Each structure stands twice: as structure tokens, then as C-alpha cells.
Amino acid sequence: MAIKPGLGRKTSNKNPPILSHEFVIQNHADIISCLAMVFVVGLMNESTAAFASAFISLHHNVSGEDPSREQPYGKAYTYIAGIKDYCAIFFYTLTCIIMHAIIQEFVLDKISKKLHLSKFKLARFNESGQLVAFYLLSFVWGAHVLLKEGYLGQVAQLWEGFPDHPMSFLHKFYFVVQLAYYLHMLPELYFQKIKTKEEQQPKIVHSISGFTLIVLAYTLSFQRLALVLLTLHYFSELLSHVFQLIGVFDREERLAKLRVVNNAVFFLIRFATSVIGVLTLYYGIGGVRSLLALGGLIALQGYLVFSFITEQLRAKREAKKEAKREAKLALTKKPAKTPKDKVKRKKESDLPEADQTSPSPIKQKLK
């Protein structure tokens, strides 16, 4: 019996051998779904529930109570960072791979098939489409936690009581999902068949740098500050990739106003990030650890601004080269002969030499 391809792959008429690279790539979402279900089923068995819950549930709670007769609604649990969080990160990395494949097959692939995009635009469409989904979810989630915890109304909560900053369930789960998403980018290089060094390098840097920065903030008790800064950063990135998606369908000339908005938002976010960082780490917390974190934060903002300006200048140079090339092609291109001209020339060639049209003597003398 032939095995049908699973999620996250393009169907083909040939069935690859079982456990071959092509088989794993075509069916990777189904394979990982089965692996994730092992942990879910483990929760149903009493002997394996403790082991499975380490990968699915959140641990290291420091306060909270279950509902009781004295407290019918119980007391909300609060959490801190701990070693068991990496088990949860592993499980939700599997979940991110599955969700990546679902979005790719049931949303992006169906849209791209109707658009008939070129190879370059298709790659940009798929990448920006996936990131828009992640950034939108992260921004809405982060903004919800900020409003619920009151960090926006009382900015002093970002440094008061440091480092004793327990997290609510949604706050901690937010960081677990963030780390899982950045970690899932590495196996996606294999599943998406990205082989060239030019395509791999920026994705690897994005994955490792994002995971490293978030895990440092998470383990060093800067979770509240990191939540605010990540929410701001994701809003800027969300706009940037939305405009990239618009650029896939629209002409470059119409994107000039949108790019001005994107550039303004980018620099405002970088400025706001630096101000909040100085206010929290220098004036609020103080100490060697916070000053080192502030230095790293300012250096990161400078690098992002430098990369942004470099990318904008490179894009302008490429646009000018493309415009010159198109103008040169338009000048060198000869107008195509119409069918009427071909019929007229054929009729003239069939006439006797005396009856064929010839240039006037005056024109010949002028020549």
C-alpha cells in the first residue's frame, strides 16, 4: 500500500522509500505529530504521567492554591525560571514545527498557487507569511500580558522587587513558546530544503541570536523588561513583513509611502527601547549585572540600526541598477513588425519590378 504524503510538503506522483530523506521531508509534520502524541498519551497513564507532564505542563511554581471550600476560586499560580522549562521548550518546539507545516500547506501554498509567483517572490512570500503569523500572535499575546499585569500603567513594576519577579502562567508560557519558535527554525532548514549558504546563514543567525538573547533575559530575571521590549520589537517587525507581503503583489512605486511609515516606526521603536532600557537597568535596578545588560541592549540597538540603514542603501542601489537596465533594454528593443506590414511586403514582392514601390528620385538624390 502506497504511503500518502503528509503535511508540510508538496505532493508528487512518486512515493519515496520509507525513512529516506525525501520521505522524512514530505511527511515530517505527520512524524512529529506522532512523536508529540506520545507525550499526550503519556498523561493518561498513571505510571508515565509524571514524566509526560514535565514536557507539557509548566513547573517551578512558587505560589498559588487550587480551589477549595475556603477559597472557591483558588489563588493564581506564579512561576520562576527552572531547569524543567527546557523539557517544555522541547515539546513546544515540536508543536511549532507542526503549526509551521499547517500554515504553509493550508494557507500559504493555497494562496501562492493562485498567484503564480516567481521563485524569488514565492520564497519571500512564504518567509514573510510565516513571520507575520508569529509576530502577530506574539504582539497580541505580549500586549495582553502587559495590560493584564499592569506594566504599562505602573512602569516602576519593571524594576521594583528585582530579582524577585515571579511570572503568571501566561507570562511564563509566552517565553516558553518564544524559545521554542526560535529553536524550531533550525530543523526547518532541513525540512524546507534550504541548502545554499546564502539562504542558510541569515536564518541560522536569526534563530541562534533570538534564542540566546531571550534565554539570557529569561534566566537572569529580566522577564518583565524583556516582555515589554519584545512586544515593541515584534510590532516593528510585523509592519515590516506586512509591507513585504504587499510588495509581492504591488508595484514598488506604490510602496514609497508605506516604507516611510515603516522607517519611522522602526526608529521610534529603537528609541523607545533604549529609553526604557536606560530607565529600568540604569536608574531602576542598577548594579553590575544590569549595567552589562544595558550595554548589550544599546549595542544591539546600534547593530539593528546599522543593519537597517545598510539594507535600505543596498535596496536603493539595486533599484537604480534595475531601472537603468530596464531603460537600456527599452532603447535597444526594436518595435515588432505587425501582421499588416508583413502582408503588404509580401504583396509588393509578388508584383513585377516596375510596379513595386520604390523611393522617389528626390529622396535618392538627397541620399
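**Cavity, pocket and helix contacts**

Analyst: In this predicted model, the residues that line the largest cavity divide by class into 5 nonpolar, 3 polar and 1 charged.

User: How many cavities of 30 Å³ or more does the structure hold, and how much space lies in the largest cavity?

Analyst: Rolling a probe the size of a water molecule over the atoms shows where empty space is left. With a threshold of 30 Å³ or more, the structure holds 1 cavity. The space that lies in the largest cavity is about 30 Å³.

User: Which residues line the largest cavity, and which element gives the largest share of the lining?

Analyst: The lining of the largest cavity consists of Leu158, Phe162, His165, Ser221, Phe222, Gln223, Arg224, Leu225 and Ile285. The largest share of this lining is 3 residues, and the element that supplies them is α8.

User: Is the phi of His60 positive or negative, and in which loop does His60 have its place?

Analyst: His60 is a residue other than glycine, and its phi, near 65 degrees, is positive. As for its place, His60 is in the loop between α3 and β1, the latter covering residues 61-65.

User: What is the volume of the second largest pocket, and which element gives the most to its lining?

Analyst: The second largest pocket has a volume of about 290 Å³. Of the 15 residues that line it, those closest to its centre are Cys96, Met99, Phe134, Leu137 and Tyr181. Two or more residues of the lining come from each of α4 (85-115), α5 and α6 (169-191). With 6 residues, the element that gives the most to the lining of this pocket is α4.

User: How do the residues that line the second largest pocket divide by class, and how many of them are charged?

Analyst: In the lining of the second largest pocket, 11 residues are nonpolar and 4 are polar. The remaining class is not represented there, and the number of charged residues is given as no charged.

User: How are α5 and α8 oriented towards each other?

Analyst: The axes of helix α5 (residues 119-149) and helix α8 (residues 223-249) come within 8 Å and cross at roughly 150 degrees. Angles over 145 degrees count as roughly antiparallel. The crossing angle therefore makes α5, relative to α8, roughly antiparallel.

User: What is the handedness of the crossing of α5 with α8, and how many charged residues does their contact have?

Analyst: Where α5 passes α8, the crossing is left-handed. By class, the contact between these helices has 19 nonpolar and 7 polar residues, and its charged residues number 3.

User: Which residues make the contact of α7 with α8, and how are these two helices oriented?

Analyst: Helix α7 (residues 197-219) and α8 have axes that come within 8 Å and cross at roughly 150 degrees, so α7 is roughly antiparallel to α8. The crossing is left-handed. From α7 the contact takes Ile214, Ala217 and Tyr218, and from α8 it takes Gln223, Ala226, Leu230 and Tyr234.

User: How are α2 and α3 oriented to each other?

Analyst: Helix α2 (residues 28-42) and helix α3 (residues 49-56) pack with their axes 7 Å apart, at an angle of about 125 degrees. α2 passes α3 in a left-handed crossing, and the contact is made by Phe39, Val40 and Gly42 of α2 with Ala49, Phe51, Ala52, Phe55 and Ile56 of α3. Its residues divide into 7 nonpolar, 1 polar and no charged. The angle between α2 and α3 therefore makes their orientation oblique.

User: Where is Gly74 found, and which residues does it touch beyond four places away in sequence?

Analyst: Gly74 is found in the loop between β1 and β2 (75-79). Gly74 and Gly64 are 10 residues apart in sequence, and their C-alpha atoms are 7.5 Å apart in space. Not counting residues up to four places away in sequence, Gly74 touches Glu65, Asp66 and Pro67.

Terms used
Residues numbered from 1 in each chain as written. Predicted model: local features only at pLDDT ≥ 70, side-chain atom pairs only at ≥ 80, totals over all residues. Heavy atoms only, no water. Axes fitted to C-alpha atoms, helices over the stretch in contact; angles between N-to-C directions. Helix = DSSP H or I, 4+ residues; strand = E, 2+ residues; numbered from the N terminus. Parallel < 35°, antiparallel > 145°, perpendicular 65-115°, else oblique. Left-handed = near helix turned anticlockwise from the far one by under 90°. Nonpolar A, V, L, I, M, F, W, Y, C, P; charged D, E, K, R; others polar. Contact = heavy atoms within 4.5 Å. 1 Å grid on protein atoms, 1.4 Å probe; cavity = no way out; pocket = protein on both sides within 12 Å on 5 of 7 lines; lining within 4 Å. Points joined across faces, edges and corners; volume = space filled by probe spheres on them.
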